[in-house]
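Please look over the sequence and the 3D structure shown below. The report that follows takes up a few residues, their contacts and a pocket.

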Amino acid sequence: LTTQRNEPRKQEKLNTPTLYECYAQARVRCGYSFSSQHLTDLPVGSIVNVEEIKGQRARISSPIHGWLSVISKDGNTIILPLNKHTAKIGGKVMFNYRYNGNNIPITAKI
């Protein structure tokens, strides 16, 4: 699903819902348009069922019905087909590191 940022993407009808994984936080909206109602943000590692891909947007049916971007406005990939061997589990972990008597919050992707 990788394309150049300005290259238009054809509409892709999938035969069955296909599992994809979020590699970045994904903003889910009610409709195709970026001005449609914001429903939720899915965290990194979320698994979604993609029903169709139209342009740079994907219509999902699970874990919520809505539309999300396949590629960010900066050109970064947001979702990719699920690879069971390399799938992320749980998204991010936060912990504190103690250095010179100070607690330093650290976020790590898992």
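Asp41 is in contact with Gln25, Ala26 and Arg27, leaving aside its neighbours within four places in sequence; contact means heavy atoms within 4.5 Å. Asp41 has its place in strand 3. Strands (E, at least two residues) and helices (H or I, at least four) are DSSP runs, numbered from the N terminus. The C-alpha atoms of Asp41 and Val28 are separated by 5.9 Å, and the two residues are 13 residues apart along the chain.

This is a predicted model, in which local features need pLDDT of at least 70 and side-chain atom pairs count only at pLDDT 80 or more, while totals for chains, interfaces and linings use all residues. Residues are numbered from 1 along each chain as its sequence is written, and side-chain values use heavy atoms, with hydrogens and water left out.

**Charged pairs**

Side chains of opposite charge can pair when their charged atoms come close. A salt bridge is a side-chain nitrogen of Lys or Arg within 4 Å of a carboxyl oxygen of Asp or Glu. By this rule the count comes to two salt bridges.

One of them joins Arg27 and Asp41, with the closest N and O atoms 2.8 Å apart. This pair links distant parts of the chain, since Arg27 is in strand 2 (residues 26-29) and Asp41 in strand 3 (residues 38-42), 14 residues apart. Arg27 counts as partly exposed, at 41% relative accessibility. Asp41 is partly exposed too, with a relative accessible area of 26%. In these terms, buried means under 20% relative accessible area, exposed over 50%, and partly exposed in between (1.4 Å probe, protein chains only).

Glu52 and Arg59 also meet through their side chains in a salt bridge (2.8 Å, N to O). Is Glu52 buried or exposed? Glu52 is buried, with a relative accessible area of 8%, whereas Arg59 is partly exposed at 29%. Glu52 is found in strand 4 (residues 47-54).

**Polar contacts**

A polar contact is a pair of N or O atoms within 3.5 Å; within protein, one must be able to donate a hydrogen and the other to accept it, and residues adjacent in sequence count only if both atoms are side-chain atoms. The table gives side-chain pairs of this kind.

| Side chain | Partner side chain | Separation |
|---|---|---|
| Asp41 | Arg27 | 2.8 Å |
| Asp41 | His38 | 3.2 Å |
| Glu52 | Arg59 | 2.8 Å |
| Ser61 | Glu51 | 2.6 Å |

Ser61 lies in strand 5 (residues 57-62). Not counting residues up to four places away in sequence, Ser61 touches Asn49 and Glu51. A cis peptide bond joins Ser62 and Pro63, with omega about 10 degrees. Pro63 has its place in the loop between strand 5 and strand 6 (66-69).

**Leu19 and the chain as a whole**

Which residues is Leu19 in contact with, leaving aside its neighbours within four places in sequence? They are Ile47, Val48, Asn49, Pro81 and Leu82. Leu19 is in strand 1 (residues 12-22) and is partly exposed, with a relative accessible area of 39%. Leu19 and Ile47 are 28 residues apart in sequence, yet 6.5 Å apart in space, C-alpha to C-alpha.

The protein has nine strands and zero helices. Buried residues make up 30% of its 110 residues. Among contacts between residues at least 6 apart in sequence, 48% join residues at least 24 apart.

**The largest pocket**

Rolling a probe the size of a water molecule over the atoms shows where empty space is left. On a 1 Å grid over the protein atoms alone, a pocket is an open set of points where a 1.4 Å probe fits, with protein on both sides within 12 Å along at least five of seven lines, and lining residues have an atom within 4 Å of a point. Grid points are joined across faces, edges and corners, and a volume is the space filled by probe spheres set on the points.

The largest pocket has a volume of about 340 Å³. It is lined by 13 residues, of which Phe34, Ser69, Ser72, Lys73 and Ile78 are the closest to its centre. Strand 2 gives the largest share of this lining, three residues. By class, the lining has five nonpolar, four polar and four charged residues. Here Ala, Val, Leu, Ile, Met, Phe, Trp, Tyr, Cys and Pro count as nonpolar, Asp, Glu, Lys and Arg as charged, and the others, Gly among them, as polar.
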